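Please work through each task before reading its solution.

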Amino acid sequence: MTYLFIADLHLSPEHPRLVRGFLDLLSHYQDKNTQLYILGDWFNAWIGDDYSAPWLDEVVDALKVFNHAGNNIFFQVGNRDFALGQKFLNQFNAIRLPDIYTVKIATQVYRLEHGDALCTDDVSYQRFRKIIRNPIILGILKSTPLSFRQKLAHGFRKQSHASQQQKPYAIMDVNTQAVAQALQHADVLIHGHTHRPEIHHKFNKTRIVLGDWRERTSEAMILEVDENGTPQFLKWILA
């Protein structure tokens, strides 16, 4: 069995090479008895489970084939696709995980999360996150017309980009104390969000940061963990 962890793919119709890279990944791991964990920001923006498009239909069809081959698919929401629900995932028998999830591999307990909640020094973002993820606010947004949500998502992306340009990177990175707290009851923490792939070891604990998918460099960093709990970063080349 292979445990495969990915995050921050930011799939969208504007970036077909990223979409093709994901489809190729599914094909490559289809016959490897794979447990696929997607830890957020799978899509560059998700405006609702009622959205459809030819490029997304292709992704869904490939995921159905992947699942029918005996592989399992798990998903955690990120800061860009927090509106993605179980309705969409039901098409290919995937499971939406809670924001924090633990899984045992071999003798170790792995804690999984997107990673944005660990960036506690970014106070303005955490405030926005709390508001936008409120079930009542989210329910109201989902009830608006699709065209309105598309414009809203575009505005959020522009605002997020402008905000990031004005903040020191240290503020947007994970907080050391938040990481220590996250690892209190786990041996390994796996997260994405910060786009700085690395395996960190400290105090007999391990923190693994997943990489983002990059069209301009034609590569992505993916993480494999074998049945013995041994992690390995692999460079996935985008065709």
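**Exercise 1. Determine whether Phe-5 and Tyr-37 are buried or exposed, and classify their ring pair**.

Solution. Both Phe-5 and Tyr-37 are buried, where buried means under 20% relative accessible area, exposed over 50%, and partly exposed in between (1.4 Å probe, protein chains only). The model is predicted: local features require pLDDT of at least 70, side-chain atom pairs count only at pLDDT 80 or more, and totals for chains, interfaces and linings use all residues. Residues are numbered from 1 along each chain as its sequence is written, and side-chain values use heavy atoms, with hydrogens and water left out.

Next, apply the ring criterion: rings of Phe, Tyr and Trp (its six-membered ring) pair if their centres lie within 6.5 Å, and planes under 30 degrees apart count as stacked, over 60 as edge-to-face and the rest as tilted. This rule gives 13 aromatic pairs. For Phe-5 and Tyr-37 the centres are 5.0 Å apart and the planes stand at 15°, so the pair is stacked.

Finally, locate the partners. Phe-5 belongs to strand E1 (residues 2-6) and Tyr-37 to strand E2 (residues 34-39), so the pair ties together parts 32 residues apart in sequence. Helices (H or I, at least four residues) and strands (E, at least two) are DSSP runs, numbered from the N terminus.

**Exercise 2. Classify the aromatic pair of Trp-42 and Phe-92, and state which cluster contains these residues**.

Solution. Trp-42 and Phe-92 form an edge-to-face pair, with 6.3 Å centre to centre and 80° between the planes. Trp-42 lies in the loop between E2 and helix H2 (54-68), and Phe-92 in the loop between helix H3 (86-89) and strand E4 (95-96), so parts 50 residues apart in sequence are tied together. Trp-42 is buried at 0% relative accessibility, and Phe-92 is buried at 1%. Both belong to one aromatic cluster, whose members include Phe-22, Trp-46 and Trp-55.

**Exercise 3. Compare the surroundings of the salt bridges Arg-20 to Glu-58 and Asp-116 to Arg-129**.

Solution. A salt bridge is a side-chain nitrogen of Lys or Arg within 4 Å of a carboxyl oxygen of Asp or Glu. The whole structure contains eight salt bridges. In one of them, Arg-20 and Glu-58 meet at 3.0 Å, N to O. This pair links Arg-20 in helix H1 (residues 16-29) with Glu-58 in helix H2, 38 residues apart. Arg-20 is partly exposed at 36%, as is Glu-58 at 37%.

In another, Asp-116 and Arg-129 meet at 2.9 Å, N to O. Asp-116 lies in the loop between strand E6 (108-113) and helix H4 (123-132), and Arg-129 in helix H4, so the pair ties together parts 13 residues apart. Asp-116 is buried at 2% relative accessibility, and Arg-129 is buried at 18%.
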